[in-house]
Amino acid sequence: MKDNELLAKWDSRHAEAESLGRVATVLEQNIHLATAGCRALDLACGRGANALFMATSGLEVTAWDLSPVAIGRLERAAGEQGLVINTAVRDVIAIPPEPRSFDLILVSFFLERSLAPVIAAALRPGGLLFYQTYSRVAVSDEGPSSEQFRLDDNELLTLFPTLKVRVYREERLLGDTRRGWRNMAMLVAQRV
Ligand SMILES: C[S@@+](CC[C@H](N)C(=O)[O-])C[C@H]1O[C@@H](n2cnc3c(N)ncnc32)[C@H](O)[C@@H]1O
């Protein structure tokens, strides 16, 4: 897909979406691991449910996305809620975060494998990566249709070999597939 087609696709999805999206489970379940007031980045933030959650939790939040429509919706919501979020329309592949620039980086439902070493390097020492996205093995067809945008078995563990794993979850098709947390993998990992 060409750059302008990609942008048009995301702008129209963000314009049509009814809500700001859902807070990622990896963030909801593990926000207590973040240091109060730390500098956090929501990378490819979409309409910003995660950025708003982190700001409400007392973090100093930066949020970047390719889509001006998404960033506009996030800015309006932050204003309405009285929250300060440093937003920018930014292509994070063309202009990735600087080395050692954040204490926490959250990536949810965005998978650009070539960025993995840059994301790890963008953490400050002691900093945490929170990552959640869809896996290839799934119990329903929610999520992207292209395999390219889905994780292979244990792939999040291999994408960030320099980080120490603190939390990892991937249930695949084990046991009673009507229960549990399916279709995705989550990672919290630390730069030491
Ligand atoms: C599936 S959405 C996920 C949004 C958000 N992280 C969430 O969990 O709701 C993927 C997001 O990636 C953004 N995106 C795609 N390519 C990008 C790029 N090169 N730079 C920045 N954002 C990008 C899209 O605009 C979209 O908001």
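## Lining of the largest pocket

Helix H1 (3-16), helix H2 (25-30), helix H3 (49-56) and strand S5 (123-134) each give at least two residues to the lining of the largest pocket. H1 provides the largest share of that lining, 7 residues. The model is a predicted one, and the values below are computed from it.

The volume of the largest pocket is about 1500 Å³. It is lined by 44 residues, and those closest to the centre of the pocket are Trp 10, Arg 13, Ser 108, Phe 109 and Phe 110. By residue class, the lining of the largest pocket consists of 22 nonpolar, 11 polar and 11 charged residues.

## The ligand and its shell

The largest pocket is where the ligand sits. Around the ligand there are 16 residues, of which the closest are His 14, Ala 44, Asp 65, Asp 91 and Ser 108. Ser 108 also belongs to the residues closest to the centre of the largest pocket. The shell around the ligand is made up of 8 nonpolar, 5 polar and 3 charged residues.

On the side-chain side, an N or O atom of His 14 lies 2.8 Å from an oxygen atom of the ligand. Backbone atoms take part as well: a polar backbone atom of Ala 44 is 2.7 Å from a nitrogen atom of the ligand, and a polar backbone atom of Val 92 is 2.9 Å from a nitrogen atom of the ligand. Taken alone, the ligand exposes 600 Å², and 87% of that is buried by the protein.

## The enclosed cavity

Rolling a probe the size of a water molecule over the atoms shows where empty space is left. The volume of the largest cavity is about 30 Å³.

Which residues line the largest cavity? They are Leu 111, Glu 112, Arg 113, Leu 115, Ala 116, Ile 119, Tyr 131, Leu 159 and Phe 160. This lining divides into 7 nonpolar and 2 charged residues, with no polar ones. Glu 112 and Arg 113 are among the lining residues. Tyr 131, another residue of the cavity lining, falls within strand S5 (123-134), which also supplies at least two residues to the lining of the largest pocket.

## Backbone exceptions

Most residues other than glycine have a negative phi. Arg 100 has a positive phi of about 50°, although it is not a glycine. Arg 100 lies in the loop that runs between strand S3 (85-89) and strand S4 (102-108).

Arg 172 likewise is not a glycine, yet has a positive phi of about 50°. Where is Arg 172 found? Arg 172 is in the loop between strand S6 (164-169) and strand S7 (184-190).

Technical notes:
Residues numbered from 1 in each chain as written. Predicted model: local features only at pLDDT ≥ 70, side-chain atom pairs only at ≥ 80, totals over all residues. Heavy atoms only, no water. Near = heavy atom within 4 Å. Polar contact = N/O pair within 3.5 Å; in protein donor to acceptor, adjacent residues only side chain to side chain. Areas by Shrake-Rupley, 256 points an atom, 1.4 Å probe, with all protein chains shown as cover. 1 Å grid on protein atoms, 1.4 Å probe; cavity = no way out; pocket = protein on both sides within 12 Å on 5 of 7 lines; lining within 4 Å. Sits in = over half its atoms within 2 Å of the grid points. Nonpolar A, V, L, I, M, F, W, Y, C, P; charged D, E, K, R; others polar. Points joined across faces, edges and corners; volume = space filled by probe spheres on them. Helix = DSSP H or I, 4+ residues; strand = E, 2+ residues; numbered from the N terminus.
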